[in-house]
Amino acid sequence: MKVAILGGGPAGLYFAISMKLRDAAHDITVFERNKPDDTFGWGVVLSDETLDNLAENDPVSAERIREHFAYWDDIAVVHKGVRTLSTGHGFCGIGRMRLLILLQERARELGIRLEFETEIDDPRPFMAEYDMVLASDGLNSRTRTTFADVFKPDIDVRKCKFVWLGTHQKFDDAFTFIFEKTEHGWVWAHAYQFDDETATFIVECGPETWEKFGFGEMSQQDSIAVCERIFKDHLGGHKLMTNANHIRGSAWINFPRVLCERWSHENIALMGDAAASAHFSIGSGTKLALESAIALAEYLHTEPTLKEAFDKYEDARRLEVLRLQSAARNSLEWFEEVERYLDLDPVQFNYSLLTRSQRISHENLRMRDPEWLADAETWFQQQAGAEDNAARAPMFAPYKLRGLTLKNRVVVSPMAQYKAVDGCPTDWHMVHYCERAKGGAGLVYIEMTCVSPEGRITPGCPGFYKPEHEAAWTRIVDFVHRETDARICAQIGHSGPKGSTQLGWEEMDAPLKDGNWPLMAASEVAWSDANQTPKAMDRDDMDTVRDQFVAAAGMAERCGFDMLELHFAHGYLLSSFISPMTNKRTDDYGGSLENRMRYPLEIFAAVRAAWPEDKPISVRISANDWVGDAGVTPAEAVEIARMLQEAGVDICDVSAGQTSKQARPVYGRMFQTPFSDRIRNETGMATMAVGNIYEPDHVNSILMAGRADLVCLARPHLADPYWTLHAAATLGDRGVTWPDPYLPGRDQLYRLAERAEQMTGKV
Ligand SMILES: Cc1cc2nc3c(=O)[nH]c(=O)nc-3n(C[C@H](O)[C@H](O)[C@H](O)COP(=O)(O)OP(=O)(O)OC[C@H]3O[C@@H](n4cnc5c(N)ncnc54)[C@H](O)[C@@H]3O)c2cc1C
Ligand SMILES: Cc1cc2nc3c(=O)[nH]c(=O)nc-3n(C[C@H](O)[C@H](O)[C@H](O)COP(=O)(O)O)c2cc1C
């Protein structure tokens, strides 16, 4: 096959090598605009695992690369003058120039033609002349632009500015992150050794800081002088160096995240940064390029046609690329928002940095560096005020809110049971909630309990509006207090526009087949075409409902609940005021956020005044309507939380969505936790995270990284009332309290868990 390769970076060269190795008869030419040794950048990071893949493909070049690897195991984080070191991370680096020269040599040996100083303006003549063309022309690929209508690139230019520098200062003991506060804001560096004399030193900062320094107008040398001044304490008198002299202007760039809908067209395929880029902070761009080169070369030799080979290449590589891009996005977003975390204690900041891509969890860190993690866990217990400061998973740290102390950070999230009769909880509720209270969670929520009959969601929802409700709830609360050390919180709410609907397992959110009751809401906006249009509340309605909330809180207090939550989320009455999707009012209760929050805050103030001083109140919000700027956005949720905080709400329970039928949520593991993280770290308010959190590892990572103070699990507690006790058994934590009658069960579980650990070689 006659093959042209446009761009002689890692992707192009390694594809050429991989093709030739599979069939020496191929006639291959690589066209590269630069000279052989005229390459940008300094070192790149690879892993031993990547090198094993390369060795299988071509042991000769893999061995040469390995000979030039610089290895390091540690990550150092320098923050607030404290240098924290953790180990077990296992990276290796190589100079980019060295890597390219090795690949060039290997290509020449195999008989591949390398045409340097050849600028390719248009890929089409090559497509006509060659059997197959590879476009490996990098981040700003001209081929991608030429066929933009086919490849459909999506390029997201990210906000931070960075410049890729080098230095002879040694960073050979650890991959080092340095955060420096300057007169214009924070500037940070990613530094790592890649050969005996040289380290990469990438300097990065936010756009405002960059503007204030005036880096955009500076020459490269002037920029470097400023960076040398900023990082002088870490450079030991060494200079920073650029090797991007061929680039005009400042050499600072914004990272473009590149995605393409398609990677091939006729006889041309995209590869490497041209097809998909991964942020440098997870160091995987070169790995992706090299592994894609192997995959395409392989398919070109196993598939009968070019088209089938291209299709297979896209199918096989796309998933891996998306997986890495997702981790890279988490990581780059962490750096974009790093100023949010810089006030954290150095231990927590370090943990947050190490887990930023969400590929490394709490237990991964324990495997990498058990000592460091034990110190971090001890720190967490200390700052939580634990009696015993021994290292323990963060989920088992106590938590204090006003006069309430929770034994741990796990919360049974509120979940409607639809089993009440005429608003009255039944034996179902007694068994359901008491079982969960026995199951080890620190705090058990009861489901949304309604302030009036017409404030119920369904006929099966419970209430706080009749004396018999009070008696039934009291029985449950008494059991929880008498027999367990869990605490119990009442969530109170009013269904508003989502009321008078069928039970959860019938047609959810659909009106009742008969016996519907009239609805009210902020505005006359029906939940869906099938639902009733609610009445827009007038002031009398507002007074009535406010008084119902106060009366319900009074009942909850008499029942003995330890804590109260007001339901401001999920499209119910108070949420209908907050979301612009459902609030169309033109009076003092509609329009601006201040107006939309006025009535919910009025309810909070009235309830707070009636609720005992030493008992906390939380508020659940929908931190994202998932409709873009038309609804509540995560940024507006920060403002909502600030208003709640100022009003005296103790903790914000950060949920999302269910406010509009038009919502397009993006689901995933812990998908709502970023909203909690943002609120907690931008306002300083305590938060609870919820949503698709189901493993102890998730809970511990969230808490330890300071993304929430408490973690709610809903569905996992439907499947397993004893979720926390089981988590403790799996983690080897023996400090949890089991009910006395269940001790033989506990002992057997512990024995089985220990045996399982021995079998897997953990002990
Ligand atoms: C600051 C920074 C740090 C990075 N750190 C790492 C890291 O630690 N680890 C890692 O794995 N990756 C890292 N990367 C990413 C890595 O450099 C790229 O992902 C990788 O080089 C992709 O290889 P490629 O062959 O697709 O593209 P490139 O390496 O960009 O190669 C493209 C080649 O095409 C040539 N070319 C472009 N246009 C034309 C044209 N019109 N005519 C002729 N030739 C052309 C270019 O000169 C270039 O040689 C980093 C990137 C940056 C920006
Ligand atoms: C059956 C069921 C009923 C729910 N009822 C309520 C409720 O009454 N009040 C509330 O705020 N959230 C309610 N939710 C939402 C949960 O509290 C939680 O936010 C959501 O299920 C996401 O958490 P998970 O992924 O752990 O299930 C309910 C969820 C389920 C599955």
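This report walks through the surroundings of two ligands in a predicted model.

## Who sits around ligand 1

Ligand 1 has 30 residues around it, and the closest are Glu32, Val45, Arg96, Asp273 and Thr286. Sorted by class, that shell holds eleven nonpolar, twelve polar and seven charged residues.

Let's look at some backbone contacts. Val45 puts a backbone N or O atom 2.9 Å from an oxygen atom of ligand 1. For Pro10, a polar backbone atom is 3.3 Å from an oxygen atom of the ligand, and for Gly285 a backbone N or O atom lies 3.4 Å from one. Taken alone, ligand 1 exposes 990 Å², and the protein buries 94% of that.

As for secondary structure, the elements that give two or more residues to this shell are helix H1 (10-22), strand E3 (43-46), strand E10 (153-167) and helix H11 (285-302).

## Who sits around ligand 2

Side chains show up in the contacts here: a polar side-chain atom of Ser413 lies 2.7 Å from an oxygen atom of ligand 2, and one of Gln491 lies 2.8 Å from an oxygen atom of the ligand. Pro414 uses its backbone instead, with an N or O atom 2.7 Å from a ligand 2 oxygen. On its own, ligand 2 exposes 610 Å², of which the protein buries 82%.

Key: Residues numbered from 1 in each chain as written. Chains lettered and ligands numbered in written order. Predicted model: local features only at pLDDT ≥ 70, side-chain atom pairs only at ≥ 80, totals over all residues. Heavy atoms only, no water. Near = heavy atom within 4 Å. Polar contact = N/O pair within 3.5 Å; in protein donor to acceptor, adjacent residues only side chain to side chain. Areas by Shrake-Rupley, 256 points an atom, 1.4 Å probe, with all protein chains shown as cover. Helix = DSSP H or I, 4+ residues; strand = E, 2+ residues; numbered from the N terminus. Nonpolar A, V, L, I, M, F, W, Y, C, P; charged D, E, K, R; others polar.
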